[in-house]
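Dear colleague,

Please find below the structure that I am handing over to you. My findings follow directly after it.

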Amino acid sequence: MDFTNKIIRGDCEEILKNLPDNCVDLIFTSPPYADQRNQTYGGVKPDDYVNWFLPKAAQFLRVLKPTGTFILNIKERVVRGERHTYVIELILAMRKQGWLWTEEFMWHKKNSYPGKWPNRFRDSWERLLQFNKRRKFNMYQEAVMVPVGDWAKTRLDNLSETDRIRDESKVNSGFGKNISNWVGRDKVYPNNVIYMATECSNRSHSAAFPLDLPSWFIKLFTIKDDMVLDPFIGSGTTAEAAMKLGRNYIGIDIKEEYCQLAQDRLSQLQIRLFEQIGSNSLSSIAAIMIWIGFSLRG
Ligand SMILES: C[S@@+](CC[C@H](N)C(=O)[O-])C[C@H]1O[C@@H](n2cnc3c(N)ncnc32)[C@H](O)[C@@H]1O
């Protein structure tokens, strides 16, 4: 069965057994957080989380291409007054399973609402853990470059001698820099903190992330026609991002209502995209006809 560009209902661990090895370029997902949404789509006890996740991660490892990337959006919850360690335990267990824990991005939620707790401040960020099968993987850094920013105006106009050579890190981190390389450039590479507001418009799923979040990683780790998998697709955000960017997708969710929600969302998007293509080609035809008219007259 071909799962390309489909939303499939079922337990992702079972569904993925039907996929061949090494067929996916990017896995981007936000699984149910431990115990958090047991009213809506079933929670997993924090102490059971690693055992629950690992067999699924084994399938992710199998279907991911050696050049591919797995981004896991997750955050440990507070249990009995302290942060539970299941995310840290999961990272260690996944490394034993064969994954490389390549990087960690932070999603800073710009619009998290204020609150008062006796022993901590409001939680304004989530982890996006990056796992790979190999040290060399596909990464298209130019696709996510950002404007250089105002710092360049003052900083790059006043370069010191050390700014003109590669200044090696004093702590041997390997992150040396040559500031003068950035003179005359209007775009730079971003850092690993992503500033995005949480999703407010999608009220049909209680845990939807913003469309820009998967879009950013899809641009960074895939190119046109690559395959993006979200094994916990929820309302279909990852699939929408993939479709808009011209990538293929596979979405899986255990709940029928969320599969329906995602499917409806994608069907509507497809209609909008077709309409756009239609109106674009109509205006192109009109432009060609006007041009031919002018040419014949000339
Ligand atoms: C955090 S939500 C994902 C939300 C999604 N990122 C979005 O933007 O709408 C996790 C989803 O995983 C689904 N789920 C839970 N267990 C699953 C399993 N074993 N296999 C597939 N989906 C599962 C839930 O129904 C829920 O929709």
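The shell around the ligand comprises twelve nonpolar, five polar and three charged residues; here Ala, Val, Leu, Ile, Met, Phe, Trp, Tyr, Cys and Pro count as nonpolar, Asp, Glu, Lys and Arg as charged, and the others, Gly among them, as polar. In total, 20 residues surround the ligand, the closest being A208, F232, G234, S235 and T237 (a residue is near if its C-beta atom, placed from the backbone, lies within 6 Å).

Please note that this is a predicted model: local features need pLDDT of at least 70, side-chain atom pairs count only at pLDDT 80 or more, and totals for chains, interfaces and linings use all residues. Residues are numbered from 1 along each chain as its sequence is written.

The chain contains seven helices and twelve strands (DSSP runs of H or I, at least four residues, and of E, at least two, numbered from the N terminus). Of its 298 residues, 29% are buried, that is, with 20 or more other C-beta atoms within 10 Å of their own, the C-beta atoms being placed from the backbone.

Helix 6, residues 237–244, has six of its eight residues buried, namely T237, T238, A239, E240, A241 and A242. Just after helix 6, G246 adopts a positive phi of about 75 degrees.

Yours sincerely

Definitions and conventions: Buried ≥ 20, exposed ≤ 12 C-beta atoms within 10 Å, placed from the backbone.
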